[in-house]
Amino acid sequence: MVNSFIRKFAFDKIPVHGAFVELTDVWYTISSQKEYPDGIKQLLGELLVANILLTTNIKLQGKIIVQIQNNPKLDLAVSECSNKLKVRATAKFAASAHQDNQISYADCIDSGSLIITIDSDNDGKLYQSIVVLNGRSISDILTEYMLQSEQLHTVFFIAYSEKKIVGCMLQKLPDVEGVYTEDIDRVFKMAETIEHHELLSTEINVILKRLFYEDDIILFDSQHISFGCTCGRERVINMLRSLGLEEATSIIEDEGIITVTCDFCNSVYSFNEQDVLSMFTNLSIDLECISNEIN
Ligand SMILES: [Zn+2]
């Protein structure tokens with residue numbers, strides 16, 4: 001039994017395909033890294049499911065990052081999914097949001113921007129799209145994004161509960177001669193009847209049979225989704241190097257030690273004075289080597 005998975009499907013005779021995502025254990029791991037207000041927790045869960053559906057739809061080597069920024073009540077919400085289906089997500093918000101649990105899901109999508117970054121290993125480039133938030137749900141925003149960026153009619157449904165999130169995507173494939181227009185319309189109309197409680201409580205094959213009883217559907221094997229953080233001591237050292245020696249030593253003077261905690265997985269990385277000095281000494285040796293090679 002796989003707890004968190006994606007399962008793709010395709011219509012045998014109609015140019016439409018889709019996928020279901022179900023998150024349980026992975027969602028528990030991510031949502032228990034911090035105490036989140038309810039609204040932010042729902043937003044983060046929906047971003048994550050949307051992120052997974054996007055990543056498996058846009059075939060790439062690398063990862064997709066989905067973020068919400070510039071929202072007055074939420075500093076940042078970010079989710080990442082690699083092509084190997086390793087995911088992580090976190091959100092930052094003012095501590096005061098907690099005391100009264102005042103941030104609702106509606107607040108999180110009310111204003112700000114949703115930024116989708118495609119980080120491809122193939123050419124090392126980043127491709128970014130920005131969508132303005134104005135109260136539409138994450139699934140509605142994605143529907144619009146896919147139409148604009150991929151020119152493909154795609155619909156998303158995301159059903160959230162505290163312990164389980166289920167997402168479904170349905171996508172029209174090219175139908176050059178318009179032979180299948182009626183069938184495609186019928187399939188998308190039927191998909192609109194999916195209820196959130198049904199997504200959360202019913203097996204995927206049962207939902208497909210109920211919705212599309214007229215059609216032959218190929219249901220592919222499940223692919224496992226796992227939690228995976230990409231943090232590490234080397235990455236933190238690079239981040240500290242970017243602060244500069246002066247800033248790093250001033251923290252050591254004030255605090256005696258530099259402690260960095262990963263927002264995604266709560267791993268703690270500590271550096272004493274000796275560590276800080278050696279990370280900058282090693283850096284100057286590295287730079288010397290590079291300049292010698294250039295010369
Ligand atoms: Zn981490």
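**Entry 1: G256**

I looked up G256 first. With 9 C-beta neighbours inside 10 Å, G256 counts as exposed. G256 sits in the loop between α10 (245-255) and β12 (258-261). Helices (H or I, at least four residues) and strands (E, at least two) are DSSP runs, numbered from the N terminus. I also took a distance: G256 and I158 are 98 residues apart in sequence and 47 Å apart in space, C-alpha to C-alpha.

**Entry 2: ground rules**

I note that this is a predicted model, in which local features need pLDDT of at least 70 and side-chain atom pairs count only at pLDDT 80 or more, while totals for chains, interfaces and linings use all residues. Residues are numbered from 1 along each chain as its sequence is written.

**Entry 3: the whole chain**

I counted elements next. The protein chain has 11 helices and 13 strands. Its C-alpha trace spans about 70 × 55 × 40 Å along the principal axes. Of the 295 residues in the protein chain, 32% are buried. I then turned to contacts, where two residues are in contact if their C-beta atoms, placed from the backbone, lie within 7 Å. Among contacts between residues at least 6 apart in sequence, 63% join residues at least 24 apart.

**Entry 4: the cores**

Which residues have the most contacts inside the largest nonpolar core? They are I40 and A50, in a core of 59 residues. A nonpolar core here is a set of buried Ala, Val, Leu, Ile, Met, Phe, Trp, Tyr and Cys residues joined through C-beta atoms within 7 Å. Helix α2 gives the largest share of this core, 10 residues. I listed the partners of A50, leaving aside neighbours within four places in sequence: V66, I138, S139, L142, F156, I158 and G167. Another core, of 7 residues, lies apart from the largest one; V236, I237, F271 and V276 are among its members. As background, nonpolar side chains tend to be buried together in soluble globular proteins.

**Entry 5: α2 against α5**

Helix α2 (residues 38-57) packs with helix α5 (residues 138-149) at an angle of about 30 degrees, and their axes are 10 Å apart. Axes are lines fitted to C-alpha atoms, for helices over the stretch in contact, and angles run from 0 to 180 degrees between N-to-C directions. α2 and α5 are therefore roughly parallel to each other. Angles under 35 degrees count as roughly parallel, over 145 as roughly antiparallel, 65 to 115 as roughly perpendicular and the rest as oblique. The crossing of α2 and α5 is right-handed, meaning that the near helix is turned clockwise from the far one by less than a right angle. On the α2 side, E46, L47 and A50 make the contact; on the α5 side, I138, S139 and L142 do. I sorted the contact of α2 with α5 by class and got 4 nonpolar, 1 polar and 1 charged residues. For these classes, Ala, Val, Leu, Ile, Met, Phe, Trp, Tyr, Cys and Pro count as nonpolar, Asp, Glu, Lys and Arg as charged, and the others, Gly among them, as polar.

**Entry 6: I184**

Is I184 buried or exposed? I184 is buried, because 20 other C-beta atoms lie within 10 Å. I184 is found in helix α6 (residues 181-191). Beyond four places in sequence, I184 is in contact with I14, V16, K172 and D175. I184 and P15 are 169 residues apart in sequence, yet 7.6 Å apart in space, C-alpha to C-alpha.

**Entry 7: two strand residues**

L219 lies in strand β10 (residues 217-224). L219 counts as partly exposed, with 14 C-beta neighbours inside 10 Å. Not counting residues up to four places away in sequence, L219 touches R7, F9, N205 and L208. The C-alpha atoms of L219 and G18 are separated by 9.7 Å, at 201 residues along the chain.

L76 is in strand β4. L76 has 15 C-beta neighbours inside 10 Å, so I log L76 as partly exposed. With residues up to four places away left out, L76 touches Q67, Q69, A91 and K92.

**Entry 8: positive phi**

Phi of L85 is near 65 degrees, a positive value in a residue other than glycine. L85 is in the loop between β4 (76-82) and β5 (86-92). N266 likewise has phi near 65 degrees. N266 is in the loop between β12 and β13 (268-271). N266 counts as partly exposed, with 13 C-beta neighbours inside 10 Å.

Conventions: Buried ≥ 20, exposed ≤ 12 C-beta atoms within 10 Å, placed from the backbone.
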